[in-house]
Every structure is written in C-alpha cells, then in structure tokens.
Amino acid sequence: MSASAVFILDVKGKPLISRNYKGDVAMSEIEHFMPLLMQREEEGALAPLLSHGRVHFLWIKHSNLYLVATTLKNANASLVYSFLYKTVETTDSKILQEYITQQGNKLVTGKSRVPPTVTNAVSWRSEGLKYKKNEVFIDVIESVNLLVNANGSVLLSEIVGTIKLKVFLSGMPELRLGLNDRVLFELTGLSGSKNKSVELEDVKFHQCVRLSRFDNDRTISFIPPDGDFELMSYRLSTQVKPLIWIESVIEKFSHSRVEIMVKAKGQFKKQSVANGVEISVPVPSDADSPRFKTSVGSAKYVPEKNVVIWSIKSFPGGKEYLMRAHFGLPSVEKEEVEGRPPIGVKFEIPYFTVSGIQVRYMKIIEKSGYQALPWVRYITQSGDYQLRTS
C-alpha cells in the first residue's frame, strides 16, 4: 500500500473511518486537511493533491464524503488514486451508512457486527426489508441542451436523460423495466409505424442492472437498492425543435436610451404546459432606469448580472408572449465593444418527454407474490439552453 493512512471524512472534515497502514504519518495530521482545502478553495488554487509540511493529502469527494490518503514524499500517487476510486466504485453509499454513525468514535469490543449487506451477494440491498404498501416511483427526466445562432440556425441539439427510482418494496424483489427501445423493437419484431421507438446512446446503468442480460436481449433486469437511486442515464444527439423559441429586437435611440423587445413562443404540444419559465435577456452594463411591459408574467432587472429576467409561471404550448424593456443608456459605444451574451431560457414541462421515450412496463417479481404499484412521471427541462442575438 503506497498510502500511509486512509480516512473517510464527513462534509465538515470529521473522520468517520480511518485505517493506519504504515504508522509513519501521525493520524492527527488529518486535522490540517479541511483548513488547507478551504484555504485553497478561496484562493482558487484547489488541486487533487494538497501538502502540509512533509505530508501530502491525496483526496477525492464522493457525495458528502471525502476520501483522503496521507503519504510522505515519493509515494505512488496513481496507485493511491486508483485505490480511492476503487473504494467508491465497489462500496455503495448505503453500505457506508451502515458502518458510519454520528454517535462518536467509541470502540465497542466483543462480538463484531457485520452489516448484512456485506454478507449478502446483493451488496446494495439489505435483507429483511418490509413495507405495508409496496410501491415504486419512476421519474423519467430529460434535459434539453440547445444552442441557436443569431440567424436562427441550431448549432447544438442534445437530449440528456436519466431514469430515477424511489423504491419501497419488501423482501428481495427482481424488477424488469421495459422501454420503447429501438434495438429491442427490432429484435422482437415490434418496429413499425404504429410503435414509436427511441434509439438510446451512451447508456450507463447503476451497478444493480444485469449488464449481460441487457447486452443479450435488451432486458433491463435488476434487484434494486432501497429508496432513491439513479437507475440509468442516456443521451440522444438528435435535432430537437426548440421547445421555447425566442426572438429579440434591440433598438437604440441617439445616446440616451435602448429598447428591447422579446417574443417567446411555445413550440410544443398545446395540451402541455411549461412551468417556472425564466428568460434571461442580456442588457448593456451601463444601462439604468429600467421600465418593463409584459403581456404575461413579470420582468425584473438584475444589475449585478446585467440581465433582465422575464418570469412566466405557466406557459401553454402554442402560445406567444411579448416583453418590452426600456433603459436609459449613457454610453452606447461601450456596449458595442462588449458584444452581447446569448439569451438563456429555463423551464420544466411535466408529463412530457421530448425524445418520446416511454416506460412500457415495470414487472415486479418477489417470492412472496405481493402486488406492487409502479408510478411513472415524465419531465422535460432545460439544460444548457441558449439563443444568440445579433
């Protein structure tokens, strides 16, 4: 082992678990790690290797935990980092929670208690779980990344999707999830005009999914962890029609004022509604005396960010809205030098996926034979969604 000692710290830097391998570095040295980390963060000089005197801290962050190895000079850093990342990969956070408590560091001698997850072949799920009501909640969430240039051409269009589960199931159930996966449809002869399918790219699964089964027949089969977890993620590089289209016109009058007109149009199905829409319109840094007029929602000037944020609580598909902003402008020439950042849009559309992905079924098989209810929710939201202005 290249590391002298390894520590798992909580978010405040308190040691939760530690192991001293060599004894050549004092265990108290770990007290210098968190102050050093915060200092480097403030200086903007944060690095994966921090030093205090002759002692080096090699660290990674996972969820709300820090994994830190202490070494003296000439240690094999790549070996240490490999060990830290392997620890994260092979140890589920729920298993760590069984070991780690916040009740102090008192060592209890006598019969040792090994967490059930360690002895179980399914390391991410404990045995003996019981619920009065057996339910599975499935969230299919898609983020749209979009970049449109000033003449209206789409430069970048991408969908990044995740399927998240919240599991309240007794025992040790096996779940099988069916999607309208194009490869599956072609394998089973379901492809055709009546069956809309989606071609998923860069699919990544939680460790619980049987990858060999998926590679063989595209079945997503797994014994789930208890509670919340991300089952899978995927990407689609496809030409997406902009869900909210923005047009803007900027008019300057002599050297005294500027008027901005922004038109927003919902280019999605009329039965769908975008919630919490925020349109960020850049304005010159020397603008002042703002006045606004909106056909819906409200607008406010955020001078520290040099933007107007137009907020629309509810934006139905097919609708079109206008916002006008008037600003005093002492120096028009300065704005020309600065150039204009793009307009940014935030939104969330429930009960809708832009890719058309669908959960066709969720089968829940458990030896006791109980009935369980799967609930599915679809959400499309903005990712990095920007439209450049001329």
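Reader: Is Arg-360 buried, partly exposed or exposed?
Author: This is a predicted model. Arg-360 sits in strand S20, residues 359–365. Its relative accessible area is 38%. Buried would need under 20% and exposed over 50%, so Arg-360 is partly exposed.

Reader: How far apart in space are Arg-360 and Leu-177, C-alpha to C-alpha?
Author: In sequence, 183 residues separate Arg-360 from Leu-177. In space, the C-alpha to C-alpha distance is 7.8 Å.

Reader: How many salt bridges does the whole structure hold?
Author: Side chains of opposite charge can pair when their charged atoms come close. Here the cut-off is 4 Å between a side-chain nitrogen of Lys or Arg and a carboxyl oxygen of Asp or Glu. A search of the whole structure gives 14.

Reader: Which parts of the chain does the pair of Arg-218 and Asp-181 tie together?
Author: The side chains of Arg-218 and Asp-181 meet in a salt bridge, 2.8 Å from N to O. Arg-218 lies in the loop between helix H6 (211–217) and strand S10 (220–222). Asp-181 lies in the loop between strand S8 (174–179) and helix H5 (182–188). The pair therefore ties together two loops that are 37 residues apart in sequence.

Reader: Are Arg-218 and Asp-181 buried or exposed?
Author: Buried means under 20% relative accessible area. Both Arg-218 and Asp-181 are buried.

Reader: Which strands does the pair of Arg-235 and Asp-202 link?
Author: The side chains of Arg-235 and Asp-202 form a salt bridge, 2.7 Å from N to O. The two residues are 33 apart, in distant parts of the chain. Arg-235 is in S11 (residues 227–236) and Asp-202 in S9 (residues 201–205), so the strands are S11 and S9.

Reader: Which residues are linked with Arg-235 in a network of salt bridges?
Author: Arg-235 is partly exposed at 21% relative accessible area. Asp-202, at 43%, is partly exposed as well. The network links Arg-235 with Glu-158, Glu-201 and Asp-202.

Reader: How many residues of strand S6 are buried?
Author: S6 covers residues 135–148 and is mostly covered. Of its 14 residues, the buried ones number 13.

Reader: In which sense do S6 and strand S7 pair?
Author: S7 spans residues 154–168. Val-148 has Val-154 in S7 as its bridge partner. The hairpin has 5 residues between the strands, and Gly-152 there takes a positive phi near 95°. Over 14 bridges, the sense is antiparallel.

Reader: Do S6 and strand S21 run parallel or antiparallel?
Author: S21 spans residues 373–387. Val-140 has Tyr-378 in S21 as its bridge partner. The strands are joined by 13 bridges and run parallel.

Reader: What accessible area does the nonpolar patch with Trp-375 have?
Author: Trp-375 is in strand S21. Trp-375 is partly exposed, at 43% relative accessible area. The surface patch consists of Phe-137, Leu-373 and Trp-375. Together they have about 280 Å².

Note on methods
Residues are numbered from 1 along each chain as its sequence is written. This is a predicted model: local features need pLDDT of at least 70, side-chain atom pairs count only at pLDDT 80 or more; totals for chains, interfaces and linings use all residues. Side-chain values use heavy atoms; hydrogens and water are left out. Helices (H or I, at least four residues) and strands (E, at least two) are DSSP runs, numbered from the N terminus. Buried means under 20% relative accessible area, exposed over 50%, partly exposed in between (1.4 Å probe, protein chains only). Two strands pair if DSSP finds at least two bridges between them. Patches are made of residues with over 30% relative accessible area and no salt bridge: like charges are joined within 9 Å, nonpolar side chains (Val, Leu, Ile, Met, Phe, Trp, Tyr) within 5 Å. Accessible areas come from the Shrake-Rupley method with a 1.4 Å probe; for residues, only the protein chains shown count as cover.
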